[in-house]
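Colleague: Could you take me through this model before I use it?
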Amino acid sequence: MPAIEVILGGVILGGLYALVAIGFNLQYGMARIVNLAYGEFLMGAAFAAFWMFTLFRINPIVGMLFSVPVSFGANWLIYRALMLPLVRRARTRQQLEGETILATFGLLFVLRGAATLAFSADNRYYDYLGAPLQIFGFTFAANRVLAFAMACVFGGAIWLVLNRTRFGAALRALAIDPIGAELVGIDVRGLSGLAFAAGGGLVAAAGTLVSTFLSFNPAIGIDFTMKALVVVIMGGIGNMGGSLIAGVLLGVAEALCSYYIDSGLTLAVAYALFLIVLVVRPRGLFGTP
Amino acid sequence: MQMQLRQTVSAAVLAAFGTIAGWTANAADAPKTIRIGYAISLSGVNAQGAATTTLPGYDLWVKDVNDAGGIFVKEFGKKIPIEVVAKYDDTSSAENMLRLEEKLMSQDKVDFVLPPWSTGFNLAAAPIFAKYGYPDLAVTANSMDEEQLVKQFPTLFFFLNQPPHFGGALIEVLNKYKNAGQLNNKIAMLSVGDQFGAEMSAGFGAGLKASGYDIVLQKSYPLGAADLTNEIKEAKASGADTFIAASYPPDTFMLTGTAITQGYNPKVFYTAVGTAFAEYGGNFKDKAQGVMGIGGWDPSLPGAQDYFKRQLAVTGHAPDGWASPVTYASLQILQQAIEKAGTLDRKKVLDTIVNGGPWDTVVGKVDLKTHIRETQWGAGQWQNGQFVGVSPSSMPGAQPVIFPKPAW
């Protein structure tokens, strides 16, 4: 197998990591909430896609028109109802992080428990776009390539909004210095709520895409939250482009490791990479100090 | 001395009265229900396995028995229904499970306890079952030390064979085609990176090497891997006619899906846990034809088809082609043993389970004289929408193998 094929496979996998991480970064980098229940919305969207597909034959991509707005709204409500009181109370950023970690940790168990009760703990799997697709003469699964393409689309759209609009400039200001942003007249709480909700919408898209090629059950959420956390910290908190690059880097590192060293060591390589970044560049590859 | 004697006499009199009172109470009023309890993983990492293999069998059995009016217990001269008085969630934590088993036996004092899910949990629970004298029909467990364990814990029963049995069953199939010159001696083997994967690949590997096979690709991958495309591509490039994966359900599905996408069609495609799930056939449909896996069952046995339909209708879970029917069979044995013993006395029921067999079940006749179910399927294959037993070929009802596996 040529190295380019291995790397290409890694890029495709990494695109998914990036997509999951960008949503998490919107919540963590912009709204300053470490949302440990983030992956539960990915799981919820995966189940939504599964039921829509198996019961009503609704194409998962079309189904996003339902699950993305619902998750967006649910996350907005969570921010307004659960997070805002903590935001008001918190005196420092560290205090806010600590308290939101505890609150969302609780939320994680509520959501996972509800899903287990409603859907049972079974593993689910359905076949959508498993067909082979040729890229440069190499064969990849169409659903994985689709996930990568969607990651690029969403990543690109968010980059455009952040860098080419006034609204995006306000969001960036929020990420860099919330107090300064408030001083220049930016509605910090309203914008934070929107960023948090947008992260929720994005993770629903990621969940739908994941469900087309991975089997899932109500307990998968936390794995994705952890992966997102690693990618976001590696890429730099608040830096969306950083998440994209770090995600792809992680995917490529895993693929290279699984082919040239041993598949059993992919997790170790991912965390080794994470550790190196933390030691050498604690603010992340593209983070602002 | 005088004092002591008087105490002894009064104690004896009291004891005698107590016994008589006990007898009359027994004869007069039978218990309203046979009280059953269990602790199992309703949440956490083991919940998925328990929900697939074990819980539907428990639910169906309770319903089946109660629809028939209960279990006839001769010492009370009537049928007594079952009541599940406790269904605890061990949250996939072994410590919780052990605490809950103790509670079931020492505080709830249920009549019978149904076992937890997984090898690890069952082996951990075996000493508690033995300490309180509860029959321990540990279906979802197997071990290299089964003979020794059942001596150590006299209440313990094993229903699944030791790991080499499964390797041996597959190798029997491979040898047949290798000796006929239809299969090369190269093997590509993947395994999930945990104890199960390591034990299974080591067990299979030793057997394969002894039979003259060459393992040209051997790799492990982490539990919960997000992508196994490279592994399948390597297996495809390895030139092996036989693909073996010591896999768990999520990777079993992913490996199959990836092999289909990559057009990887080895002559023998074998995956482990999850291959026998009804969902496997449901998802891959015609493409499942010819896929081999661990386990197997004989759907032509009396009661088997009926059991399959009832479990699907009652619990919404179609049974798998391996441990689900065995779970139900273990409960059929418990029920028949209570009837045959004519009592709810656990010691007598235990003796009856051992000596009263062979028992008629949905997986055929089961004898537990040695506390271990000796004859069983090792390897099965998807044939026309059902996962049927194909090996050992000495099993009654063994189906001829579809070879080579048709292209996806």
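Modeller: To begin with a term, helices (H or I, at least four residues) and strands (E, at least two) are DSSP runs, numbered from the N terminus. This is a predicted model, in which local features need pLDDT of at least 70, side-chain atom pairs count only at pLDDT 80 or more, and totals for chains, interfaces and linings use all residues. Residues are numbered from 1 along each chain as its sequence is written, while chains are lettered from A and ligands numbered from 1 in the order in which they are written.

Colleague: Where is B:Pro392 in chain B?
Modeller: B:Pro392 lies in the segment after strand 16 (386-391). A cis peptide bond, with omega about 0 degrees, links B:Ser391 to B:Pro392.

Colleague: And which residues does the cis bond with omega of about -5 degrees join?
Modeller: That bond joins B:Gly357 and B:Pro358. B:Pro358 belongs to the loop between helix 13 (346-355) and strand 13 (359-361) of chain B. Most peptide bonds are trans.

Colleague: On to phi: what is the value at B:Asn384?
Modeller: It is near 50 degrees, which is positive although the residue is not a glycine. B:Asn384 sits in the loop between strand 15 (379-383) and strand 16 of chain B.

Colleague: Is B:Asn384 buried or exposed?
Modeller: B:Asn384 is exposed, with 11 other C-beta atoms within 10 Å. Buried means 20 or more other C-beta atoms within 10 Å of the residue's own, exposed 12 or fewer, and partly exposed in between, with C-beta atoms placed from the backbone.

Colleague: How many residues make up the contact between the chains?
Modeller: Chain A contributes 32 residues and chain B 33 residues, two residues being in contact if their C-beta atoms, placed from the backbone, lie within 7 Å.
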